[in-house]
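Here's a quick briefing to read alongside the model. Have the viewer open and follow the topics in turn.

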Amino acid sequence: MVGFVRILVAITLLVSVYSVAGTTRHYEFNIQLQNVTRLCHTRSMVTVNGKFPGPRIVAREGDRLLIKVTNHVSNNITIHWHGIRQLRSGWADGPAYVTQCPIQTGQSYVYNYTVIRQRGTLFWHAHISWLRASLYGPLIILPKLNVPYPFTKPYKEVPIIFGEWFNTDPEAIIAQATQTGGGPNVSDAYTFNGLPGPLYNCSAKDTLKLKVKQAKTYLLRLINAALNDELFFSIANHTLTVVEADAIYTKPFDTETLILAPGQTTNVLLKTKLKFPGASFVMSARPYVTGQGTFDNSTVAGILEYESSIPMKNLPLFKPALPPLNDTSFVTQFSNRLRSLASAQFPANVPQKIDRHLFFTVGLGTSPCEKNKTCQGPNGTRFAASINNVSFVQPSVALLQSHYSGQSEGVYSPYFPITPLHWFNYTGTPPNNTFVSNGTKLMVLPFNTSVELVLQDTSILGVESHPLHLHGFNFFVVGQGFGNYDPNKDPKNFNLVDPIERNTVGVPSGGWVAIRFLADNPGVWFMHCHLEVHTNWGLKMAWLVLDGKLPNQKLLPPPVDLPKC
């Protein structure tokens with residue numbers, strides 16, 4: 001009896017740790033195949049509950065989410081809750097072989113986490129291979145009950161999630177590219193909420209139509225869930241007010257056009273015209289391109305329509321002017337305008353004293369082709385990518401489990417380099433040797449270490465913008481620039497007062513970005529380029545944040561239903 005009581009007390013304590021005063025919300029995700037037709041191509045696709053895009057998850061700050069994922073397909077599955085901090089609940093983060101083994105066919109796993117001190121627009125997506133091409137959906141966290149937004153209350157809220165459509169199976173595309181060592185085929189269309197719009201072949205019926213009333217304020221929750229493309233977005237003849245980025249409130253500013261990298265979200269206020277405009281307006285998105293590879297050079301369009309009491313036919317249709325494909329100066333100006341609200345209610349707690357200064361190069365490279373084989377990468381090699389010239393090798397067991405169980409030997413090395421092993425003129429003439437090294441290396445940080453990390457693009461195989469996503473944390477973007485980072489001059493211009501706080505940042509093409517964060521979340525946390533092709537090639541690494549001394553600074557034990565490899 002005593003033993004039973006002890007177990008009951010332990011369970012009660014565990015439940016109380018997991019739940020912070022809020023509602024518990026239950027969701028069921030059935031991973032199943034569904035025939036979906038776009039561009040006159042029908043494809044059997046991996047979906048959640050037969051929907052493309054997947055269902056919307058809505059919660060409030062402080063709520064606990066229990067999301068049961070059951071796998072009814074032949075692919076291994078994991079789901080990542082992009083931007084959720086997962087404080088002490090790293091088992092629910094989702095990246096395959098980092099925090100968990102995948103959910104195998106016929107198996108289930110309950111993702112169990114509490115939304116702590118976060119509110120805004122995020123999204124969920126598969127985090128294994130290229131399955132997030134069809135497995136994604138909005139994750140909307142409302143403020144606590146009776147807590148207002150720090151901007152005009154909108155009349156209506158509308159999520160618009162950008163995606164990519166492939167006429168062929170994305171899993172076959174990346175499998176072929178992995179086999180040949182070359183670049184993968186690109187998508188056939190971009191989509192808004194799964195719809196490509198009238199600029200594509202046989203897609204006029206598959207167009208997002210946003211019907212609005214006059215003189216109202218709408219909150220558009222914009223999410224870039226595309227696999228491999230940063231996207232410009234604009235609505236003809238309408239100014240948008242940016243009020244949030246990556247679920248962090250910003251100082252509001254007006255813009256005609258936005259840029260969102262994959263993994264980024266932006267909330268904007270759309271104030272509709274006071275009188276019926278006698279016209280409809282195109283909203284469109286197309287890629288921002290910096291690399292030298294092929295890309296999907298097309299445009300997704302939706303229609304903004306004003307409601308009218310009289311049926312209107314043949315109204316003029318206005319189209320927006322999007323920036324040129326390679327408009328890095330617009331991207332830089334837009335990025336520089338993003339500032340945290342930094343108010344008393346929503347402060348910007350930028351680490352001022354830094355414990356660890358780190359410098360990581362990010363970029364492409366090559367690996368030698370196997371013997372007696374021809375590869376389709378540069379000069380007969382294989383395409384690769386790396387951080388500090390270490391191309392990450394995915395382990396066959398989950399890193400978090402091997403750390404927690406003390407069985408890390410042979411799984412990973414705790415010695416990720418703090419700077420590149422070989423210095424070169426990073427954005428100048430590239431070195432002749434473009435080969436990467438390979439390894440499963442982690443950067444180990446004691447609990448509560450304050451980190452300053454400079455991410456430097458390189459010119460190996462051409463400079464390129466890399467949207468880097470850090471799991472388990474938000475970080476402050478304190479500085480950015482072009483060319484090589486100068487540790488003597490550049491820190492003098494850092495913004496340590498109201499820098500934007502986010503979870504995904506674009507390393508500028510041919511430049512650098514400096515971020516700061518506090519390692520206050522024990523666990524193993526993935527960091528990778530959110531261009532899926534670069535992740536595939538090895539542009540990824542992981543951080544191991546050790547437990548703190550206090551009970552509430554330690555990783556919780558793994559759930560009983562954690563999948564096995």
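Which residue lies over the face of Phe-281? That's Lys-273, at 5.8 Å from the ring centre; a charge sits over a ring if NZ of Lys or CZ of Arg is within 6 Å of the ring centre and within 35 degrees of the ring normal. A word on the ground rules: this is a predicted model, where local features need pLDDT of at least 70 and side-chain atom pairs count only at pLDDT 80 or more, while totals for chains, interfaces and linings use all residues. Residues are numbered from 1 along each chain as its sequence is written, and side-chain values use heavy atoms, with hydrogens and water left out.

**Rings and charges**

- Arg-43 also has its charged end over a ring, that of Trp-165, 5.0 Å from the centre.
- Rings of Phe, Tyr and Trp (its six-membered ring) pair if their centres lie within 6.5 Å; planes under 30 degrees apart count as stacked, over 60 as edge-to-face and the rest as tilted.
- That rule gives a count of 35 aromatic pairs.
- Take Tyr-109 and Tyr-111: their pair is edge-to-face, with 4.7 Å centre to centre and 65° between the planes.
- Tyr-109 is buried at 1% relative accessibility, and Tyr-111 is buried at 0% (buried means under 20% relative accessible area, exposed over 50%, partly exposed in between, with a 1.4 Å probe and protein chains only).
- Phe-360 and Trp-543 make a stacked pair, 5.7 Å centre to centre with 25° between the planes.
- Since Phe-360 lies in strand 21 (residues 356-367) and Trp-543 in strand 33 (residues 540-545), the pair ties together parts that are 183 residues apart in sequence; strands (E, at least two residues) are DSSP runs, numbered from the N terminus.
- Both partners are buried: Phe-360 has 0% relative accessibility and Trp-543 has 1%.
- There's a ring cluster too, in which ring pairs link Phe-359, Trp-423, Phe-424, Tyr-426, Tyr-485, Phe-494 and Trp-512.

**Nonpolar cores**

- A nonpolar core is a set of buried Ala, Val, Leu, Ile, Met, Phe, Trp, Tyr and Cys residues joined through side-chain atoms within 4.5 Å.
- The largest one has 94 residues, and Leu-220, Phe-233, Phe-360, Met-527 and Trp-543 have the most contacts inside it.
- Strand 9 (residues 156-165) gives the most to this core, with five residues.
- Not counting residues up to four places away in sequence, Leu-220 touches several residues, including Val-158, Ile-160, Leu-210 and Ile-235; contact means heavy atoms within 4.5 Å.
- A second, separate core of 45 residues has Ile-77, Leu-400, Phe-526 and Leu-544 among its members.

- Four strands make an open sheet in the order 3-8-7-5, with mixed pairing (two strands pair if DSSP finds at least two bridges between them).
- Strand 3 (57-60) and strand 5 (79-82) are the edge strands, each pairing on one side only.
- Strands 3 and 8 run parallel, joined by four bridges; Arg-60 has Leu-142 in strand 8 as its bridge partner.
- Strands 7 and 8 pair in the antiparallel sense over six bridges, and Gly-137 in strand 8 is the bridge partner of Trp-124.
- Strand 5 pairs with strand 7 (residues 120-126) in the antiparallel sense, over four bridges, and His-82 has Phe-123 in strand 7 as its bridge partner.
- Strand 8 (residues 136-142) is largely enclosed by the rest of the structure, because six of its seven residues are buried.
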